[in-house]
Amino acid sequence: MKKSVSDFVAFCADLMQPEKTVWIDGSKRQIDELNKTAVSTQEFVALNKEKLPNCFLHRSAPNDVARIESRTFICSRTKEQAGPTNNWMEPNEAYKLLSDISRGCMKGRTMYVIPYSMAPIGSPFAKYGIEVTDSIYVVTSMTIMTRVSNKILDVIGDDFVRGIHSKAELDAEKRYICQFPQDNTIWSVNSGYGGNVLLGKKCFALRIASNLARDEGWLAEHMLIVGITRPDGKKYYIAGAFPSACGKTNLAMLIPPKEYLERGYKVETIGDDIAWIRVGKDGALYAANPEYGFFGVAPGTNMKTNANAMLSCQKDSLLTNVALNPADDTVWWEGMSEAPETLIDWTGKPWHKGSETKAAHPNSRFTAPIVNCPCLSPEFENPQGVKLSAILFGGRREDTVPLVYEAKNWEHGVFVASVMASQTTAAAAGAVGVLRRDPFAMLPFCGYNMNDYFAHWLSIGKNLKNAPKIFNVNWFQKKNGRFLWPGFGDNMRVIDWIIDRCEGKEYGTQTPIGIVPKSSEINQEGLNISQEDLEQVLNVDKNLWENEVSDIERHYKKFGSKLPKELNKQLNELKQHLQ
Ligand code: SAT
Ligand code: MN
């Protein structure tokens with residue numbers, strides 16, 4: 001074994017003083033044993049062996065149900081390196097604080113050592129990590145979400161990403177999720193929930209990886225990757241950045257409307273949350289999903305909205321903070337089906353149909369192996385990634401932002417992404433439904449100064465001979481509290497227009513914000529929407545956009561003088577076009 005690996009594990013053991021250390025080898029036998037242990041200690045509830053084979057329910061502490069941005073820190077050498085959008089802590093101070101909290105925190109517990117790869121082992125995308133943890137939930141989740149194997153120990157270099165996690169006392173006052181980009185290190189204490197503790201995911205694949213990507217000339221993004229095959233057999237790959245709980249999983253697994261299926265359209269999933277993107281020799285962008293599973297939002301998922309997700313989490317999966325149906329040891333969440341009369345809610349208390357409280361937590365999740373996905377693309381394991389035709393950006397906007405518009409060019413696309421806004425969701429602790437700017441859907445995940453991140457995107461574009469087209473989409477416009485666009489499978493109609501544009505079809509109308517489709521260009525065969533509503537979702541309202549511009553100006557102020565000048569130029573052009 002590499003000395004850097006054994007030194008790291010010894011450091012963790014010395015500090016946290018576990019009773020014993022267990023190396024995770026990625027074998028089914030070992031995970032089965034651990035799951036059994038977790039059932040015996042009531043950390044897991046075993047679910048129905050016929051209906052949900054090898055599935056377990058896990059409940060996290062009620063004060064620990066989402067990512068916690070206020071306690072997430074980028075501990076770069078200087079505050080300037082963390083930039084205007086991140087919490088920063090001086091690295092020595094952070095190491096001291098975390099060491100003090102962690103001293104002896106694993107006494108009487110087992111420390112598990114998880115060697116894992118993000119992206120296919122040995123591929124040009126692959127990056128390796130080791131996470132130590134005292135949580136079986138983390139071990140089982142990491143084996144679903146990443147490629148865990150003792151083979152990693154043969155290929156790992158000294159530059160592996162070090163991940164330290166302990167539930168400690170689950171003390172919310174001492175909860176910290178710290179990233180140290182200069183040391184490739186992540187340290188998370190006092191949480192036991194998803195994005196705070198599955199360190200391969202947001203902490204590594206986005207916060208640390210965005211630093212590596214900037215230094216090495218690639219992109220680490222909060223994006224789904226989906227493949228579309230048209231009736232003529234031609235394949236298109238599209239990446240899309242949307243904030244958490246805004247439909248990335250649904251878009252990645254979309255089932256096209258009947259009319260499209262009959263004509264031979266096919267949709268295949270490559271990833272639903274994270275894309276690592278490299279520049280190919282041909283000057284195009286190639287994307288790979290570094291993960292190996294889905295950590296999807298459960299509520300609202302059903303056989304109509306996302307059958308592929310439903311089918312993905314029916315074996316070998318974890319269900320976190322959903323409701324339990326004790327009649328047959330299955331699970332339930334809001335929006336799955338008609339509610340059963342009685343359930344055990346996500347906190348473990350009896351629940352009755354019609355109750356004021358929710359049976360499942362709004363941020364309850366399924367953790368499912370990607371290989372379970374019925375529409376998984378055969379390109380998923382392609383070590384070179386897939387060539388992108390288009391990149392989408394979008395958020396939850398009740399008004400202002402039309403169903404889809406095309407950016408004029410790369411630079412304009414970077415501007416559009418830098419001013420993206422979305423209503424907050426239950427995926428992060430804090431108020432829900434508040435509109436906030438979330439550039440590139442990376443606000444909680446960009447591991448360095450966002451001004452430099454914008455500049456990095458601009459500079460990547462300069463070297464692309466075959467740049468993907470950039471679009472902004474918004475499925476979430478509302479009138480009198482009702483969604484105007486049906487969304488889900490019908491989003492295929494928008495994707496189809498986007499692909500037409502990628503093929504150079506003379507479509508759309510120039511508007512001050514970019515190219516917007518004419519309503520006649522959206523295929524309405526089988527679509528259930530009035531002409532009036534369709535016109536409305538495609539409308540660009542000048543007054544609303546004038547307000548938008550004022551808000552963008554406020555947003556840009558936060559970035560100060562380091563904001564790339566190209567972006568201010570784009571903002572000024574938008575202002576002129578609106579006059
Ligand atoms: O909790 S996670 O960060 O893994 C999921 C999300 O918020 O996107
Ligand atoms: Mn996400």
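## Basis of the description

Helices (H or I, at least four residues) and strands (E, at least two) are DSSP runs, numbered from the N terminus. The model is predicted, so that local features need pLDDT of at least 70 and side-chain atom pairs count only at pLDDT 80 or more, whereas totals for chains, interfaces and linings use all residues. Residues are numbered from 1 along each chain as its sequence is written, chains are lettered from A and ligands numbered from 1 in the order in which they are written, and side-chain values use heavy atoms, with hydrogens and water left out.

## Surroundings of ligand 1

The residues around ligand 1 are Arg67, Gly195, Lys201, Lys202, His222, Ser244, Phe295, Arg365 and Ala427, where a residue is near a molecule if one of its heavy atoms lies within 4 Å of it. By class, this shell has four charged, three polar and two nonpolar residues. In that division, Ala, Val, Leu, Ile, Met, Phe, Trp, Tyr, Cys and Pro count as nonpolar, Asp, Glu, Lys and Arg as charged, and the others, Gly among them, as polar. Ligand 1 lies between domain 1 (3-41 + 68-216) and domain 2 (220-293 + 377-578), because both give residues to its shell; the domain bounds come from an automatic or database domain assignment.

Oxygen atoms of ligand 1 take part in several polar contacts (pairs of N or O atoms within 3.5 Å; within protein, one must be able to donate a hydrogen and the other to accept it, and residues adjacent in sequence count only if both atoms are side-chain atoms). A polar side-chain atom of Lys202 lies 2.4 Å from an oxygen atom of the ligand, and an N or O atom in the side chain of Ser244 is 2.7 Å from an oxygen atom of the ligand. Gly195 contributes through its backbone, with an N or O atom 3.1 Å from an oxygen atom of ligand 1. Of the 250 Å² of accessible area that ligand 1 has on its own, the protein covers 98%; such areas come from the Shrake-Rupley method with a 1.4 Å probe, and for residues only the protein chains shown count as cover.

## The manganese site

Which residues coordinate the manganese ion (ligand 2)? The donors are Lys202 (NZ), His222 (NE2) and Asp273 (OD), at 2.1 to 2.2 Å. Their spacing in sequence is K-x19-H-x50-D. Lys202 belongs to helix H8 (residues 200-216) and His222 to the loop between strand E12 (219-221) and strand E13 (223-229), so this pair ties together parts that are 20 residues apart in sequence. Donors are N, O and S atoms within 2.8 Å of the metal (3.2 Å for Na, K and Ca), and water is not among the atoms, so sites may look incomplete.

Lys202 is buried, at a relative accessible area of 6%, and His222 is buried at 0%. Here buried means under 20% relative accessible area, exposed over 50%, and partly exposed in between (1.4 Å probe, protein chains only).

## Buried positions beyond the metal

Glu291 is placed in the loop between strand E17 (285-288) and strand E18 (293-297). Glu291 is buried, with a relative accessible area of 1%, and its side chain makes a polar contact of 2.9 Å with the side chain of Lys201, a residue of the ligand 1 shell.

Ile225 lies in strand E13 and is buried, its relative accessible area being 0%. Ile225 and Val386 are 161 residues apart in sequence, with C-alpha atoms 8.9 Å apart in space.

## Two positive phi angles

Gln42 and Asn321 each have a positive phi although neither is a glycine: about 65° for Gln42 and about 60° for Asn321. Gln42 is found in the loop between helix H2 (28-40) and strand E2 (44-46), where it is exposed, with a relative accessible area of 70%. Asn321 occupies the loop between strand E19 (318-320) and strand E20 (323-325) and is buried at 0% relative accessibility.

## Partly exposed positions

Asp551 lies in helix H16 (residues 542-557) and is partly exposed, with a relative accessible area of 25%. The side chain of Asp551 makes a polar contact with the side chain of Arg437 (2.9 Å). In helix H17 (residues 565-578) is Asn572, also partly exposed, with a relative accessible area of 39%. The C-alpha atoms of Asn572 and Val549 are separated by 9.4 Å, and the two residues are 23 residues apart along the chain.
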